[in-house]
Amino acid sequence: VQQQLNKLRTETGALQQQIQTDEQSLTLFRQNFRNQQQQLQAITTLCELEAKIANLSVLRDQLEAGHPCPLCGSCSHPSVEHYRELQPDQNRQQKLQLEKTVAELQEQGIQRKEQLLQSGKRHQQLLADYQASVALMDNLQAQWQQLCQQEDLTLEITATCELNDYL
């Protein structure tokens, strides 16, 4: 029983350490996931704006230097050349890649959380086994002491050499 107690104590301690490590890892993983989600949201917003700008290309093409804009009336549009240089496909590709990354991270996060839950359940089972073994050990110790009193012996339960000599 003592060997079982020692084994359970060691296994419980190792599993507790692993759970703590996994919890820290999961915390960092979740932070990375949130960062990726934020990047995805930013690129999604950028893609939406680029799509709006691209849809205004017909009006932009009608702009002539020194003439008022048919939409706002301004004679100056300094960003027109910049808008013509936009490459929405590049940002769309980045958005698709980020969507894929976020989906993969989400799946990994679900798996990590499930693994942590399983480790927690195993830890609880080990603790219950340990407590049952302690109770058994206490019971055996009490029985041993009772037997020793009946035989007028002063042997510890772990003193196997002395017990063999007595027998």
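A residue counts as buried here when its relative accessible area is under 20%, as exposed when that area is over 50%, and as partly exposed in between, using a 1.4 Å probe and protein chains only. On that scale, buried residues make up 20% of the 167 residues in the protein. The model is a predicted one, with local features needing pLDDT of at least 70, side-chain atom pairs counting only at pLDDT 80 or more, and totals for chains, interfaces and linings using all residues. Numbering starts from 1 along each chain as its sequence is written, and side-chain values rest on heavy atoms, with hydrogens and water left out.

As for the overall layout, the protein has 5 helices and 0 strands (DSSP runs numbered from the N terminus, H or I of at least four residues for helices, E of at least two for strands). Helix H4 has 64 residues, which should span 94 Å at 1.5 Å a residue, and its end C-alpha atoms agree at 93 Å apart; the expected span is 1.5 Å times one less than the number of residues. Just after H4 comes Asp152, with a positive phi of about 60 degrees.

Next comes the nonpolar core, meaning a set of buried Ala, Val, Leu, Ile, Met, Phe, Trp, Tyr and Cys residues joined through side-chain atoms within 4.5 Å. The largest one has 14 residues, and Leu40 and Ile43 have the most contacts inside it. Helix H1 (2-55) and helix H4 (88-151) each supply at least two residues of this core, with H1 giving the most, 9 residues. Leaving aside residues up to four places away in sequence, Leu40 touches Lys95, Leu98, Glu99 and Val102, a contact being heavy atoms within 4.5 Å.

Then there are the charged pairs. The structure holds 3 salt bridges, each a side-chain nitrogen of Lys or Arg within 4 Å of a carboxyl oxygen of Asp or Glu. In one of them, Arg122 pairs with Glu11, the closest N and O atoms being 2.6 Å apart. Arg122 sits in H4 and Glu11 in H1, so this pair ties together parts that are 111 residues apart in sequence. Arg122 is partly exposed at 37% relative accessibility, and Glu11 is partly exposed at 29%.

Asp89 bridges to Arg92 with the closest N and O atoms 2.7 Å apart; both lie in H4, 3 residues apart, about one turn of the helix. Lys95 and Glu99 also form a salt bridge, at 3.4 Å between the closest N and O atoms, and sit 4 residues apart in H4.
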